[in-house]
Amino acid sequence: MKLLAILKEDLQANAGQPKGQLAVIGYRLAHVARKPLDQPPRIWALPIGLVYRLLVEWVLGIEIPWGTKIGRRLRVYHGVGLVINDRAQLGDDVRLRQGITIGNSGHGVDCPVIEDGVDIGASAVLLGGITVGSHASIAAGALVTKDVPAGGQAKGNPAVIKEPRPVRVVEEGNRG
């Protein structure tokens, strides 16, 4: 997908959140400017990286390293105090709020993998080589150190993981 189309999606996903728009657009531009470490650096990557770090990290207080793998339509609400390790991975349509930490546990380099459509509440902490399944939700203030299944919920400190409820299908002729 072309960069302009991705930027447009990000702007729409963060409608009404100018800080989120600025952070995500800045991340996208810096991420594109960055080259893999095994290739020669682009001359224009350094100024873009410096402006990104100064504006997004220092002024807005949002730490999303430009090498982090992030899917489309990342939504950032408020954003202050948001910290994401550069080895974490975020899927499409992830929603983040202020005060979130996504990183390693200090016992290694494994970081969380956040799948598509995950909603993470304010001040949640996700640590270690865990996977948060698609469309799961993490409550505000949760400390998550274990996998969360797709559609599941994590609440509390330490987090209690709730399995998703099975969806009850009602057939047309059996209502009543």
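The dialogue below sets computed values against the definitions of the words.

Modeller: This is a predicted model, in which local features need pLDDT of at least 70 and side-chain atom pairs count only at pLDDT 80 or more, while totals for chains, interfaces and linings use all residues. Residues are numbered from 1 along each chain as its sequence is written, and side-chain values use heavy atoms, with hydrogens and water left out.

Biologist: Why are α1 and α2 called roughly antiparallel to each other?

Modeller: Helices here are DSSP runs of H or I with at least four residues, strands are runs of E with at least two, and both are numbered from the N terminus. Helix α1 (residues 3-13) and helix α2 (residues 18-33) pack at an angle of about 160°, and their axes are 9 Å apart. Axes are lines fitted to C-alpha atoms, for helices over the stretch in contact, and the angle between N-to-C directions runs from 0 to 180 degrees. Angles under 35 degrees count as roughly parallel, over 145 as roughly antiparallel, 65 to 115 as roughly perpendicular and the rest as oblique; α1 and α2 are therefore roughly antiparallel.

Biologist: Which residues of α1 and α2 make the contact?

Modeller: On the α1 side they are Leu3, Ile6, Leu7, Asp10 and Leu11, and on the α2 side Gln21, Val24, Ile25, Arg28, Leu29 and Val32, where contact means heavy atoms within 4.5 Å. Sorted by class, this contact has 8 nonpolar, 1 polar and 2 charged residues. In that sorting, Ala, Val, Leu, Ile, Met, Phe, Trp, Tyr, Cys and Pro count as nonpolar, Asp, Glu, Lys and Arg as charged, and the others, Gly among them, as polar.

Biologist: What makes α2 and α3 roughly antiparallel to each other?

Modeller: α2 and helix α3 (residues 45-59) pack at an angle of about 155°, with axes 9 Å apart, and α2 and α3 are therefore roughly antiparallel as well. The contact of α2 with α3 has 11 nonpolar, 1 polar and no charged residues.

Biologist: How do you know that Thr68 is buried?

Modeller: Buried means under 20% relative accessible area, exposed means over 50%, and partly exposed lies in between (1.4 Å probe, protein chains only). Thr68 has a relative accessible area of 0%, so Thr68 is buried. Thr68 is found in the loop between β1 (62-63) and β2, and, not counting residues up to four places away in sequence, Thr68 touches Tyr27, His31, Ile84, Asn85, Asp86 and Ala88.

Biologist: Why is Gln89 called partly exposed?

Modeller: The relative accessible area of Gln89 is 35%, so Gln89 is partly exposed. Gln89 is found in strand β5 and, leaving aside neighbours within four places in sequence, is in contact with Lys69, Pro112, Val113 and Ile114.

Biologist: How do you know that strand β5 is joined to strand β8?

Modeller: Two strands pair if DSSP finds at least two bridges between them, and 2 bridges join strand β5 (residues 89-90) to strand β8 (residues 113-114), which run parallel. Gln89 stands opposite Val113 in β8. These strands belong to an open sheet of 4 strands in the order β2-β5-β8-β11, with parallel pairing.

Biologist: What makes β2 and β11 the edge strands?

Modeller: β2 (69-70) and β11 (131-132) each pair on one side only. In another open sheet, 5 strands are ordered β1-β4-β7-β10-β13 with parallel pairing, and there the edge strands are β1 and β13 (143-144), each pairing on one side only.
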